[in-house]
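Student: I would like to go through this model with you, from the interface to the sheets. Please show it first.

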Amino acid sequence: MPPRLPRFIGDGRLSKALLGPELRAAVEGLPIADAGHGVDRFGLSRSGAARGIALTRFLYEHWFRVVSHDIEHVPASGAAVLAANHSGTLPVDALMLAHDLVRNRGRVARIAMDWFVPGLPWVNLVFIRGGGFSGTRGNFHALLEAGELLLAFPEGVPGIGKPFAERYTLQTWRRGHAELAIRHGAPIVPVGVVGAEEQMPQIARIEGFHVMGAPYLPIPATPVPLPVRIHLWYGEPIPIPSLYRPEHAHDAVAVDEAAERVKLAVRGLLARGLAERRGVFR
Amino acid sequence: MNALVTGATTPLGRALVDRLVVHGPVLAVGLEEDGRFDHPDVRYVAADLTRARSVRELIYGPATEHGTDVLVHLAFHRRAGRARSAALHIEATRLLLRLAEESPVLKRFVHRSTAEVYAVRLDRPDILREDHPLELAPTAPAWVRERVAADLAACTRMGMSPIDIVVLRCAEILAPDMGSQLHDWLSASVCFRPMGYDPLVNVLSLEDASRAFELAALGSGSGVYNIPGADTLPLTALVRESGRDAIGLPGPLLGPLYAARRRLTGARFRYRDNAWRFHFNGVLDGSRAARDLGFRPSCRLSLG
């Protein structure tokens with residue numbers, strides 16, 4: 001008798017079926033600090049990670065046909081911060097990066113989510129069980145202390161919400177990721193995401209829409225993301241521990257300088273990625 | 001060590017008295033006139049801590065005669081929102097602290113606080129360290145505000161007091177007669193929760209809680225410490241492991257539903273008081289207690 005659908009989804013058999021042997025092995029090998037009941041202290045679970053990878057596999061392999069460049073720049077272990085450009089109305093860039101890091105580096109990206117995301121019913125569960133966390137300073141501290149790989153988008157909501165005309169133009173670059181990386185002596189890996197900026201052009205937005213804490217309601221030009229090709233360019237790690245001492249985290253000039261280095265590195269990766277790609281869809 | 005334990009007739013009090021009596025005689029204090037302890041080195045004294053005279057008589061009478069050097073203040077009102085609870089939580093704590101400082105024999109004061117004193121919010125960290133903001137919102141339930149006031153009453157004396165003051169902010173002790181809201185919520189065969197959310201909760205066993213207070217009583221120095229339990233798990237997993245069924249409902253329905261349940265069955269669980277932690281993670285960080293007190297939770301709950 002075929003399994004009942006809710007049970008088939010709930011107990012992880014659907015995820016396993018969608019993953020295939022290689023991705024299943026990658027998920028099984030992920031280092032997860034189990035707090036005792038299959039979840040870590042932030043809510044990441046292996047089954048949640050498996051579900052996330054299974055659900056994004058089609059997007060990664062067939063819809064966006066993601067190409068990963070220089071992923072060996074991401075440290076294989078220990079605390080590190082990935083800082084990437086943000087774009088595209090929907091956080092496809094975060095999902096593709098998280099998928100890529102599990103698939104090709106065997107690491108879970110702890111995605112720093114804007115504060116309103118944990119307030120969204122069901123959406124919060126998908127992200128939190130898959131490794132996301134509410135992007136507060138306290139959580140950032142705790143995860144870096146625990147030696148995790150953090151994925152931050154220093155542009156924040158203005159990045160994902162920028163109009164199509166401003167694609168690949170970095171918005172105001174926040175400093176928090178640099179300060180915390182200095183404090184914890186963690187390297188920062190700049191990441192340029194090329195392609196995501198065209199996947200769901202935003203033509204307008206309703207500013208007064210704040211249901212569930214959302215900053216606005218985006219009006220995209222297309223009902224579904226366009227099947228653009230996404231390139232993920234990982235830059236050489238910025239050796240924060242050898243450039244700054246932890247006490248420099250209190251020095252605004254040093255923090256600004258570190259954040260600017262990261263921004264310039266991301267800008268350089270974007271320029272290279274745009275120059276080398278053969279077309280938006282190719 | 002000569003210890004005095006208030007709230008000694010509660011399950012936690014009894015477990016702690018059993019531990020402390022190994023280190024020396026214990027003066028067990030409870031509200032009941034007929035509280036009994038079988039151990040010869042445990043002396044039981046009935047005292048109403050909401051009455052100032054009763055507290056004075058306790059400290060200058062039996063406690064001084066007994067040579068008490070450590071006072072462990074566990075007394076908590078088990079029912080939330082009662083008139084006596086403010087007197088017990090705030091006034092009795094302040095008075096006990098003041099009298100302990102004036103006492104010729106007392107050298108250490110251990111205060112039981114709870115994780116509910118922390119503000120769990122969407123924009124706050126999931127991991128609650130000792131410097132996490134406290135729940136000072138005017139809309140917070142009265143019993144939470146009382147516990148915050150009692151906690152602060154003890155914390156503000158640290159560094160100014162001639163005695164050592166220790167505050168233990170315990171995770172919820174999932175046991176009967178401990179005033180646990182979660183325990184009451186889990187007592188129903190079907191547990192309703194807000195749909196679309198499954199936050200992490202941390203629960204503490206009675207064994208671990210009593211061990212933490214034993215270590216705090218035996219230690220030296222002052223400080224605030226989180227006391228987490230060994231079980232950190234999603235709310236739905238807690239329900240499942242307790243042998244219950246969890247049903248998700250829209251959040252706005254849960255307040256009236258549980259208010260009706262309270263009126264009909266006399267249950268104690270109030271959804272409004274727990275709404276934040278039924279949506280967002282709030283897990284105590286116990287690294288400070290591990291470092292300074294040597295406390296690490298080890299007893300997993302046997303749920304179900």
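Student: How much area do chain B and chain A bury between them?

Tutor: Start with the ground rules. This is a predicted model, where local features need pLDDT of at least 70, side-chain atom pairs count only at pLDDT 80 or more, and totals for chains, interfaces and linings use all residues. Residues are numbered from 1 along each chain as its sequence is written, chains are lettered from A and ligands numbered from 1 in the order written, and side-chain values use heavy atoms, with hydrogens and water left out. Buried area is the accessible area (1.4 Å probe) that two parts lose on being put together, summed over both; carbon and sulfur atoms hold 54% of it here, and the total is about 1900 Å².

Student: How many residues does each chain bring to the contact?

Tutor: Contact means heavy atoms within 4.5 Å. By that rule, chain A gives 26 residues and chain B gives 24 residues.

Student: Which residue of chain A forms a salt bridge with Asp285(B)?

Tutor: A salt bridge needs a side-chain nitrogen of Lys or Arg within 4 Å of a carboxyl oxygen of Asp or Glu. The count between chain B and chain A is 3. In the pair with Asp285(B), the closest N and O atoms are 3.0 Å apart, and the partner is Arg41(A).

Student: Which element supplies the largest share of the side of chain B that touches chain A?

Tutor: Helices (H or I, at least four residues) and strands (E, at least two) are DSSP runs, numbered from the N terminus. β12 (231-234) and β14 (283-284) of chain B each supply at least two residues of that side. The largest share is 4 residues, and it comes from β12(B).

Student: What is the strand order of the open sheet in chain A?

Tutor: Two strands pair if DSSP finds at least two bridges between them. The edge strands, each pairing on one side only, are β1 (67-69) and β4 (133-134) of chain A. The pairing is mixed across 7 strands, in the order β1-β9-β6-β2-β5-β3-β4.

Student: Which residue stands opposite Ala112(A)?

Tutor: Look at β3 (residues 109-113) of chain A, which pairs with β4(A) in the parallel sense over 2 bridges. The residue opposite Ala112(A) lies in β4(A) and is Phe133(A).

Student: Why does the pair of Arg175(A) and Asp256(A) tie together separate parts?

Tutor: The two form a salt bridge, with the closest N and O atoms 3.0 Å apart. Arg175(A) lies in the loop between α7 (157-160) and α8 (176-184) of chain A, and Asp256(A) in helix α10 of chain A, so the linked parts are 81 residues apart in sequence.

Student: What is the average twist in the open sheet of chain B?

Tutor: That sheet has 7 strands with parallel pairing, in the order β3-β2-β1-β4-β5-β7-β11. Its edge strands are β3 (42-46) and β11 (223-227) of chain B. Axes are lines fitted to C-alpha atoms, for helices over the stretch in contact, and angles run from 0 to 180 degrees between N-to-C directions. From one strand to the next, the twist averages 20 degrees.

Student: What angle does helix α6 of chain B make with β5(B)?

Tutor: Helix α6 (residues 206-218) of chain B packs on the sheet. It touches β4 (70-73), β5 (108-114), β7 (164-170) and β11 of chain B. Its direction and that of β5(B) make about 150 degrees.
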